[in-house]
Amino acid sequence: MTQPRTDARAAYDAYLAECPARQLLDRISNKWVSLIINALADGPQRYTDLARTLVSVSQKMLTQSLRALERDGLLTRTVTPTMPVRVDYALTPLGESLVPVMRTIKAWAERNMDEVLEARSEYDGARTAADPV
């Protein structure tokens, strides 16, 4: 017998490997997923526009990420039968609820990158000095 949804929801614990919430955290912490959500925050976009915005994303990775987001209910894919076919991607209300979080994380990364680069340099320098030749 399956548990009612409310019982299952109360049991979600992302610290447990088998928890679906952990799988969702894995999905939304992916760099391409977070950038796609940020890119779609201002409205629907075509596949080619997303590819242009997300510089260096491969076609395969962009397609996989979009499919995963659609499966999770975070975006919709709308096909318009024109010549050529037009495909638009847009955030769902659930996907839109992630926008403030993703924008904050993106802004934090951009704002603190100099400090992170400095810390990396210090760490790498200390590791090099401590390693025997």
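1. Let's start with the largest pocket, which holds about 220 Å³ of space. A pocket here is an open set of points on a 1 Å grid over the protein atoms alone, where a 1.4 Å probe fits, with protein on both sides within 12 Å along at least five of seven lines. The volume is the space filled by probe spheres set on the points. Please keep in mind that this is a predicted model, in which local features need pLDDT of at least 70 and side-chain atom pairs count only at pLDDT 80 or more, while totals for linings use all residues. Residues are numbered from 1 along each chain, and side-chain values use heavy atoms, without hydrogens and water.

2. The lining of this largest pocket includes Lys 31, Ser 34, Asn 38, Met 102, Lys 106 and Glu 110; lining residues have an atom within 4 Å of a point. Helix α7 (99-130) and α3 each give two or more residues, and α7 has the largest share, with five. Helices are DSSP runs (H or I, at least four residues), numbered from the N terminus.

3. Now for the helix packing: α3 (residues 31-40) meets α5 (residues 59-71) at about 70°, with axes 10 Å apart. That makes the two roughly perpendicular, a label for angles of 65 to 115 degrees. Axes are lines fitted to C-alpha atoms over the stretch in contact, and angles run from 0 to 180 degrees between N-to-C directions.

4. Across that contact (heavy atoms within 4.5 Å), Trp 32, Val 33, Ile 36 and Ile 37 of α3 face Met 61, Leu 62, Ser 65, Leu 66 and Leu 69 of α5.

5. The second largest pocket has about 180 Å³ of space. Its lining is made up of Tyr 12, Pro 20, Ala 21, Gln 23, Leu 24, Arg 27 and Asp 72.

Definitions and conventions
Parallel < 35°, antiparallel > 145°, perpendicular 65-115°, else oblique.
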